[in-house]
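Welcome! Take a moment to turn the model around, and then let us walk through it together, one part at a time.

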Amino acid sequence: MSSPNDRSGAVTPLGVWPGTPYPLGATYDGAGTNFSVFSEVATAVELCLIAKDGTETRVGLDEVDGYVWHAYLPAVTPGQRYGFRVHGPYEPELGLRCDPSKLLLDPYGKAFDGQFVNDPSLYTYGLDSLGHTMTGVVINPFFDWGADRPPNRPYHETVIYEAHVKGMTMTHPDVPEELRGTYAGLAHPAIIGHLQSLGVTAIELMPVHQFFHDHVLTDQGLRNYWGYNSIGYLAPHNEYSARPRGDAAVAEFKAMVRAMHAEGIEVILDVVYNHTGEGNHLGPSLSLRGIDNAAYYRLDDTDPARYKDYTGTGNSLNVRHPHTLQLIMDSLRYWIVDMHVDGFRFDLAATLARELHDVDRLSAFFDLVHQDPVVSQVKLIAEPWDVGEGGYQVGNFPSRWTEWNGKYRDTVRDYWRGEPATLGEFASRLTGSSDLYESTGRRPSASINFITAHDGFTLRDLVSYNDKHNEDNREDNRDGESYNRSWNCGVEGPTDDPAILALRARQQRNLLATLVLSQGTPMLAHGDEIGRTQLGNNNVYCQDSPLAWMDWTQAGTDADLLAFTRSVIALRTAHPVFRRRRFLAPDPGDGGDREITWFTPAGTEMTTEDWHSGFGKSLAVLLDGDGIPEPGPRGERITDDSFLLCFNAHDEALDFVLPASEFGAEWTCVLDCSTSTGAADAVYPAAATLFVPSRCLLVLRRTAQPKR
């Protein structure tokens, strides 16, 4: 059929077959393409085929099964641009927003072409948006994966590196200029080699689902740099492709994953299923809003013209609706099965648990994930909070999930900046946060430990600024977190004072070493290993510029920090005592070796009074490599060296008395955070007095067995 306002004015010359309702989206089978879209509210749906010159041919989808509109076009092949127009009621006050003047993106689109142009037609009823919006692209699903296999790295052996596709590659001198900022650039040997040299086992990519640049930002010359504004859950963001037209991004993304896997590196995606880029009731109609607004979004019960907003971004997906849940699950399976990714980090995951109002850890979404034979087997990481009431849910996710541990971040930051806190809280975070995860049958690896992430200060800025400096965001410094648990070491921002610079460098080493040597799964933020700075901006979500990109010249300037990071990760990798599968038990109860023992600086075992000291800033912990009870992957007994970690967060140096000979006859210092690269080799006998500099972590390895 041809619509009265069809731009081409021609009925399609193509044959139209009934097709099938599933799979949803555009599916090329080698001979033609099946198109399918869900809308319960529609009275008619048109498939719009867009020619290279921008003209449009409309095809009515006359077959409807269970509110799924579909047709098969035998002559449509990969590269064809398309969209949908949905006819139906337009009554915003009732939550109904059908508008056939809008060319809508396929929710199941696997590639998108073009860009959104700020134009009234995206917002105003009756104005045709063709030419001002993106279009879907039929993809070629065939790809030579060769011998690609998922690395399947166990959590306890995992070291995660959070990165931004563009930010990590834009300034690297060895990445060809035409590949910078792209998936191909990320797959370049220079980038993969850097990850390997660090000892990273998984790269966690900030959002790569197709996203929308909010016009509030673009009108100011800014961009949605972070990408937490998804508009297509099955399509890789086209701007990250070296050839950003057509379906090139799909093959380029797959090639990147294949290259990472070839070197044993997993690929984890940061996914944003809690909201979309269509924003609040004043936002543009780009896809879901015009297809079936009430099905896909949580509407305000008292005013359906508006949306529930648990994310602070204008809308929340309606995970109570089966087709919304299906979209999320189909998206997850697609990225695993077709794109070969190894896991997901779910942004503001508490929103996905909201069936009515309260966060429900047994909600339909989690039930579906646990029952799914594909999705349940990959790495599932929750950001366990949202901005709604009761949204802070650290420790409350189901058993197969791991979580960004915000309590770990806060506790370790406070400890090293010298804030009053109980040593017991610090010890719990250091040993895997059993208080948060053990009762739900989870292991230490459920705790994704981090000091910094994309949201907040970089590691260098954490020790250089007391306050945020977000003026470049043009929000009068109102955006971003104001309470950062940071400490500038005496001067705000840049300084030439050598003493302050030395202290800042030592604090970075303390934080990195604590992170990497804690039980649980460590996550580093890209660039922290080379001293990346954002000049005090703790919210660079809109800064697609050198301010947010990695400055690779720092790899030379901060070569010592890079060497330190490599050495401390290598220490973790080489020694299973730092990456235990089970929580440590202080007393085996059978007279055997204790897995862990805590000491005061005086060399005595910690007492209840010591643990509850509100001003304590120092302690030591012995991890006994002979006391590991869990077996290896083939049932073998695991033994390792034993290590003593001496923590001193005081502003003065302290003497630490090493444990008595019954714990070890000789100790060799293998990591000293007071030296620029952490290098150390001093040897000490049992019960010797060890000088620990102010604000410093020392790691000693037992080089002679206990004297019994």
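**A guided walk through the model**

Let us begin with an open sheet of five strands, which are antiparallel in their pairing and follow the order E4-E3-E7-E11-E10. Its edges are strand E4 (56–60) and strand E10 (112–113); each has a single partner strand, so one side of each is left without a neighbour in the sheet. A word on the names: helices (H or I, at least four residues) and strands (E, at least two) are DSSP runs, numbered from the N terminus. Two strands pair if DSSP finds at least two bridges between them. E10 and strand E11 (residues 135–137) run antiparallel and are joined by two bridges. You can look for phenylalanine 112, whose bridge partner in E11 is glycine 136.

Before going further, please keep in mind that this is a predicted model: local features need pLDDT of at least 70, side-chain atom pairs count only at pLDDT 80 or more, and totals for chains, interfaces and linings use all residues. Residues are numbered from 1 along each chain as its sequence is written, and side-chain values use heavy atoms, with hydrogens and water left out.

A second open sheet has four strands in the order E1-E2-E6-E5, again with antiparallel pairing. Here strand E1 (25–28) and strand E5 (63–65) stand at the edges with a single partner strand each, so one side of each is left without a neighbour in the sheet. From one strand to the next, the twist averages 25° (axes are lines fitted to C-alpha atoms, for helices over the stretch in contact, and angles run from 0 to 180 degrees between N-to-C directions). E1 is joined to strand E2 (residues 33–38) by four bridges, and the two run antiparallel. Tyrosine 28 has threonine 33 as its bridge partner in E2.

Now let us visit a helix. Helix H9 (residues 406–417) has 12 residues, which at 1.5 Å a residue should span 16 Å; its end C-alpha atoms are 17 Å apart, which agrees. The expected span is 1.5 Å times one less than the number of residues. H9 is mostly covered, with 10 of its 12 residues buried; buried means under 20% relative accessible area, exposed over 50%, and partly exposed in between (1.4 Å probe, protein chains only). Among the buried residues of H9 are Tyr408, Val412 and Trp416. At the start of H9, asparagine 405 brings a side-chain oxygen to within 3.1 Å of the backbone nitrogen of lysine 407. After H9 comes glycine 418, with a positive phi near 85°.

Leaving aside residues up to four places away in sequence, threonine 514 touches Tyr408, Val412, Trp416, Phe426, Leu430, Phe647 and Leu697, where contact means heavy atoms within 4.5 Å.

Aromatic rings are the next stop. Rings of Phe, Tyr and Trp (its six-membered ring) pair if their centres lie within 6.5 Å; planes under 30 degrees apart count as stacked, over 60 as edge-to-face and the rest as tilted. By this rule the count comes to 35 aromatic pairs. Phenylalanine 365 and phenylalanine 366 have ring centres 5.3 Å apart and planes at 65°, so this pair is edge-to-face. Both phenylalanine 365 and phenylalanine 366 are buried. Tryptophan 404 and phenylalanine 450 form a tilted pair, with 4.9 Å centre to centre and 45° between the planes. Tryptophan 404 is in strand E19 (residues 402–404) and phenylalanine 450 in strand E20 (residues 447–450), so the pair ties together parts that are 46 residues apart in sequence. A cluster linked by ring pairs takes in Tyr233, Tyr273, Phe344, Phe346, Phe365, Phe366, Phe397 and Trp401.

We finish with two loop residues. Histidine 237, in the loop between strand E15 (230–236) and helix H5 (248–262), counts as buried at 0% relative accessibility. Leucine 535, in the loop between strand E21 (521–525) and helix H14 (554–557), is exposed, with a relative accessible area of 52%. The phi of leucine 535 is positive, near 55°, in a residue other than glycine.

Conventions: Polar contact = N/O pair within 3.5 Å; in protein donor to acceptor, adjacent residues only side chain to side chain.
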